[in-house]
Amino acid sequence: MITNSVTATDASNKYTTLRQRRSENRSAMKSKKPAIPYLGWMLVFTIIPLVMVAYYAFTDSKGRFSLESFENATVYSEVFLYSLLIALISTAICLVLAYPLAFSISRCSQRSQTLIIMFLMVPMWMNFLLRIYAWVLILQNYGPLDMILRTFGIDITLIGNSGAVIVGMVYEFLPFMILPLHTVMSKIDNSLIEASQDLGCNGFNVFRKVVFPLSVPGIISGVTMVFVPTASTFLVAQYLGGTQFMIGDVIERVFQSDHHTGSAIAMVLMVVILGFLIFMNRFGDKEAVN
Amino acid sequence: MMKRISAFLLLLLLTGSLLLTACSSGNTDAGDGEEDVRGYQGEVNVYNWGEYISPGDDGTLDVIDEFEKRYHIKVNYTNFETNEELYNVLTNSNSTYDVIVPSDYMAARLREEGLLEEIDYDNIPNYKYISDRFKNQPYDPENKYTVPYTWGYVALVYNTDMIEEGKIKGFKDLWSEDYKDTGILMFNNSRDAMAIAMQLCDPPIDPGSPSFTREDIDRATDKLIEQKSVLKKYVMDQVFTEMESNQSGLAPYYAGDIYTMIDNNELLDYCIPEEGSNLFIDSLCIPATCKNKENAELFINFMCDPEIAAANAEYMCYGTPNEAALELVDEDLRDSELFNPPADYLDKCYTFTNLDDDIYSYMQKRFVEACSANAEVSSVEKKTVNPAAVWAVGAILAVIIISSAVIVVLDIRKAIKNRGRINKL
């Protein structure tokens, strides 16, 4: 109890100083000048490429308006659905794994929180491709995992299927789920949980009425941060999967020979992701209001 | 405060020691490299495939160093990965290369587009060592622009632990249900994969023909889709680890690289495909934008020197068109059927020709479609479009667009209402 009250006053001190600083800076914050470099960056590297993708998607090779490239892109519908499915499953697994972990981390002392978060980040200091490659070595036939399973008499192929792709995705993007969840959860005041317990909530109700509603913004940003890259990433399926490509691989390949069809696929993917984001944000707002 | 200062000092120390090691290694380089003493009298810019020259480590001859020592000309050596990359660099940027190494079909394209400089063969006396087989090729019928550097062909590699020795006969085994469980690999590159499929079509299509049609490509695509039900994976460089660590049983690849794989894994054996195969010839050429033509010719002549060519062949395990060099090559390598297949086999092989842009991009497109086709469904129906999937994607899109529109409209109305309320207050 004592340590809790100390951290609480610490926190309130922090907030007041922050608030003071903010009001002092308010006049400076109003100026939009510091944003100019970023706005320029955004114009050159976000807006213009988007316009170009849209332009290519809606024109044919002679530069006339046409929907031909979307028609060509229908060939890849199955791959598209497969990728969305893989992304959904990976996101769900990430959420299930990350949620309890993030919560227990957020209840640790400040010091061990920093330490654990750092350990979560360490694998991300390594190159993305190397990490996927490590999974290839782990899952391959007569690899370490396969040998262990064989000693128990289980003989299955671990690599070259959708399961391996999902494992790779979950490993790759799990930190992106844990970090936003942890950020939100570490802000949940312990006294709120204690208050609800005092008022007679059992463990499940504490979760349902206090922890979960307060962590929704973290879930939202975590889910978006995992779903969006898993749906569009490439190479993971090429290394861990079998002959089945994912939509990211297809876009990469198609772009080598045909910008128009490649842009059309990219456009469809962007629309789906945008819709997903709008939906998630809406959902988040409602939860927060309730 | 003390902590911060000590951390800072530590950082300083670390960077300092890094710098020191960098400096000292720089010093030793200059020491045994004699760079400063040499006094170069010119330079030559060479653009070659990766790992396509004897590098000078592990007891091999350092070819570039040897050239610099002999002629006092600095070699600026850079790498490309695909013929298409070479083409883009030559056409798009102000390239300053003096020697390039395109493959047959790319040499043809560069020649047709006027991007190659004629070579003065009087300056290349070592050209006399080049075997007649590799002269007068369709990509340079009058022998004006190219000097053959290496050649190779596509062969099969298999694991004798999983497949009985001598069982593999040709490319048709890549479609065989019998070897499915060992893991069959396939080229992840449209040109090579399509060529193999074309050979197996009934009736076969000549992959070396300059004039095959979209229908021919469609037939080859069907053949590739048919293969999907037995296939493990499409690979390029991954083939090395897959085969060397006994992950897969059977794969097509370039003969020189198969030689390397067998060197690294005794269980592997090769098969020279009975159907005939793709023979490729990479040539030394001078681009039209060249600035040091004399040095370039000097370099090309040097590469045709039998000893140098032999050193390169021993390192790469790719065939050498240089007859005198073949005499000098290590006996084991020379006698290997894989490295040096009988002449009548080479007569059965075909060489790629330059394709129309239109046909080439159609081929790439169909290959991606084959790669992304669903193995179970498509191999029976031989279709790449699944109407159910198209409808599903359409439905998802429609739902997303409509619901997003509704959400956005609702939000805007809410915002307007709120503003009205605030104004009232």
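**Exercise 1. Which elements cover the buried residues of helix 11 of chain B?**

Step 1. The cover includes helix 3 (63-71), strand 4 (146-159), helix 9 (255-264), helix 10 (293-303) and helix 12 (323-328) of chain B. Helices (H or I, at least four residues) and strands (E, at least two) are DSSP runs, numbered from the N terminus.

Step 2. The model is predicted: local features need pLDDT of at least 70, side-chain atom pairs count only at pLDDT 80 or more, and totals for chains, interfaces and linings use all residues. Residues are numbered from 1 along each chain as its sequence is written, while chains are lettered from A and ligands numbered from 1 in the order in which they are written.

Step 3. Helix 11 (residues 306-316) of chain B has 8 of its 11 residues buried, so the rest of the structure largely encloses it. Buried means 20 or more other C-beta atoms within 10 Å of the residue's own, with C-beta atoms placed from the backbone. Among the buried residues are Ile308(B), Asn312(B) and Tyr315(B).

Step 4. Cys317(B) follows helix 11 of chain B, and its phi is positive, near 65°.

**Exercise 2. Find how many residues of chain B are in contact with chain A, and which element gives the largest share.**

Step 1. In chain B, 30 residues are in contact with 28 residues of chain A. Contact means C-beta atoms, placed from the backbone, within 7 Å.

Step 2. Strand 6 (231-235), helix 15 (357-372) and helix 17 (387-424) of chain B each give two or more residues to this side.

Step 3. Helix 17 of chain B gives the largest share, 11 residues.

Definitions and conventions:
Contact = placed C-beta atoms within 7 Å. Buried ≥ 20, exposed ≤ 12 C-beta atoms within 10 Å, placed from the backbone.
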